[in-house]
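Dear colleague,

I am passing on the structure below, and my notes on the contact between its chains and on its pocket follow it. Please read them with the coordinates open beside you.

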Amino acid sequence: AQSVTQPDARVTVSEGASLQLRCKYSSSGTPYLFWYVQYPRQGLQLLLKYYSGDPVVQGVNGFEAEFSKSNSSFHLRKASVHWSDSAVYFCVLRSNTGNYKYVFGAGTRLKVIA
Amino acid sequence: NTKITQSPRYLILGRANKSLECEQHLGHNAMYWYKQSAEKPPELMFLYNLKQLIRNETVPSRFIPECPDSSKLLLHISAVDPEDSAVYFCASSHGTDANSDYTFGSGTRLLVI
């Protein structure tokens with residue numbers, strides 16, 4: 001069975017602080033992992049993706065994520081958050097073993113305060 | 001996001017019939033309908049690849065998808081129910097292989113009263 005767990009439903013950080021949003025996955029095959037961001041009343045936008053190779057992947061707007069096979073994790077990080085980063089962040093898994101469906105985590109709502 | 005457009009943006013309905021529309025300008029072969037209820041992640045409703053319905057998740061029969069050509073996707077809804085209130089996202093991808101990213105539309109926000 002494939003699943004994605006985002007253990008933190010809500011995260012609040014101060015502007016300029018560093019950020020880590022956690023994601024744990026379970027997959028029977030090689031996982032293809034994504035982070036999407038959803039700003040208020042908008043669709044989902046791709047931040048970054050991991051297929052293979054370097055476990056640290058760079059995304060847009062200063063975001064990066066690190067894949068760990070041993071920990072079954074794909075945490076999202078940013079060195080210094082801005083108020084405009086306030087949004088909902090989804091970790092997504094796509095298996096390459098025949099079931100190509102996107103499996104979404106529950107999402108983490110990030111609030112950046114002044 | 002002008003690469004994949006959805007209409008209407010907002011829809012308020014009683015027990016009526018209505019169709020949601022989606023068009024993508026990316027040359028993608030696969031298109032999807034997702035339903036996102038409040039405070040929840042999107043859930044797949046339908047998947048088309050090359051105009052063929054290849055995945056029909058368990059959704060109420062009052063939802064009927066249509067793919068008139070590879071760039072357009074419709075969702076016909078008959079006799080809506082209050083539980084149908086949600087945002088309906090259209091998405092597309094080059095194919096259905098695992099390394100085909102999705103591009104999402106901005107969604108149609110449906111409110112059933």
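**Interface and pocket**

Three salt bridges are found by the rule across the interface of chain A and chain B, and please bear in mind throughout that this is a predicted model. In one salt bridge B:D101 is paired with A:K49, with 2.5 Å between the closest N and O atoms. Polar contacts between chain A and chain B come to nine residue pairs, counting those with both residues at pLDDT 80 or more.

On the side of chain A that touches chain B, at least two residues each come from strand 5 (31–38), strand 6 (44–50), strand 10 and strand 11 (102–104) of chain A, and strand 5 gives the most, with four residues. By class, that side of chain A holds eleven nonpolar, seven polar and six charged residues.

The contact involves 24 residues from chain A and 25 residues from chain B, and the two chains bury about 1,900 Å² between them, of which 50% is on carbon and sulfur atoms. Within chain A, the residues that lose the most area to chain B are A:R41, A:R94 and A:K101, which together account for 29% of what that side buries.

Turning to the largest pocket, its space amounts to about 740 Å³. It is lined by 34 residues, and those closest to its centre are A:Q38, A:R109, B:Q36, B:A38 and B:E39. Strand 10 (87–95) and strand 12 (108–113) of chain A, along with strand 2 (10–13), strand 9 (86–93) and strand 11 (108–112) of chain B, each contribute at least two residues to this lining, which comprises 17 nonpolar, ten polar and seven charged residues.

With best regards

Definitions and conventions. Residues are numbered from 1 along each chain as its sequence is written. Chains are lettered from A and ligands numbered from 1 in the order in which they are written. This is a predicted model: local features need pLDDT of at least 70, side-chain atom pairs count only at pLDDT 80 or more; totals for chains, interfaces and linings use all residues. Side-chain values use heavy atoms; hydrogens and water are left out. On a 1 Å grid over the protein atoms alone, a cavity is a set of points where a 1.4 Å probe fits but cannot get out, and a pocket is an open set with protein on both sides within 12 Å along at least five of seven lines; lining residues have an atom within 4 Å of a point. Grid points are joined across faces, edges and corners, and a volume is the space filled by probe spheres set on the points. Ala, Val, Leu, Ile, Met, Phe, Trp, Tyr, Cys and Pro count as nonpolar, Asp, Glu, Lys and Arg as charged, and the others, Gly among them, as polar. Contact means heavy atoms within 4.5 Å. Buried area is the accessible area (1.4 Å probe) that two parts lose on being put together, summed over both. A salt bridge is a side-chain nitrogen of Lys or Arg within 4 Å of a carboxyl oxygen of Asp or Glu. A polar contact is a pair of N or O atoms within 3.5 Å; within protein, one must be able to donate a hydrogen and the other to accept it, and residues adjacent in sequence count only if both atoms are side-chain atoms.
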